[in-house]
Amino acid sequence: MFKRLMLGPNLKATYKFKGDVRGAQVFRNQEPVEPIRGGHAPMKVYVDNQWVTLKDVADEGFYVFDVEILRPNDSGAPPSIVVAIRDLKSPKNLKCLEVPKEVVAQAWNDFEPFYQQDRPQARFRRADPNAASDRQPAGSTEFLRDDCTWS
């Protein structure tokens, strides 16, 4: 906003989507996990005002997984969760990212009230991102190393 004020009120930002999702795969501890539901569909955005212009269509991906994907190991260490995204324009290139262990642990721990109320027979162990784990960062192993651009 500061730049706009300095350069004049007629400065308008123009945006464009960078990619389209052809598909995505999620891995838990280097093993593929199938979604309960998901896919991709076009997302149309049309914004044209005094500040921004964005007129584009992109394929967006949406996937639903069972919460068990986040369950920690017996020591309480969160699992490694890697998301590999395939772009429609470059289907041979995967963009991969590993969800930080602190985020995985917090997401799992947020389900504790659900387990207490709706699944009391299921043993709930809180995740501890500082617990000892044998997991290695996904980008440092052979797992998907050659197929991915890591973020």
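A: At 36% relative accessibility, Asn29 counts as partly exposed, a class that lies between buried, under 20% relative accessible area, and exposed, over 50%, as found with a 1.4 Å probe on protein chains only. This is a predicted model, in which local features need pLDDT of at least 70 and side-chain atom pairs count only at pLDDT 80 or more, while totals for chains, interfaces and linings use all residues. Residues are numbered from 1 along each chain as its sequence is written, and side-chain values use heavy atoms, with hydrogens and water left out.

Asn29 sits in the loop between strand S2 (21-28) and strand S3 (31-33), where strands are DSSP runs of E with at least two residues, numbered from the N terminus. Although Asn29 is not a glycine, its phi is positive, at about 50°. Gln30 belongs to the loop between S2 and S3, and its phi, near 70°, is a positive value in a residue other than glycine. With a relative accessibility of 36%, Gln30 counts as partly exposed.

Turning to the other residue, Thr53 lies in strand S5, which covers residues 52-64, and is buried, with a relative accessible area of 15%. Leaving aside residues up to four places away in sequence, Thr53 touches Lys12, Ala13, Thr14, Tyr15, Val47 and Asp48, where contact means heavy atoms within 4.5 Å. With Asp48, the side chain of Thr53 makes a side-chain polar contact at 3.2 Å; such a contact is a pair of N or O atoms within 3.5 Å, and within protein one must be able to donate a hydrogen and the other to accept it, while residues adjacent in sequence count only if both atoms are side-chain atoms.

Note on methods. Helices (H or I, at least four residues) and strands (E, at least two) are DSSP runs, numbered from the N terminus.
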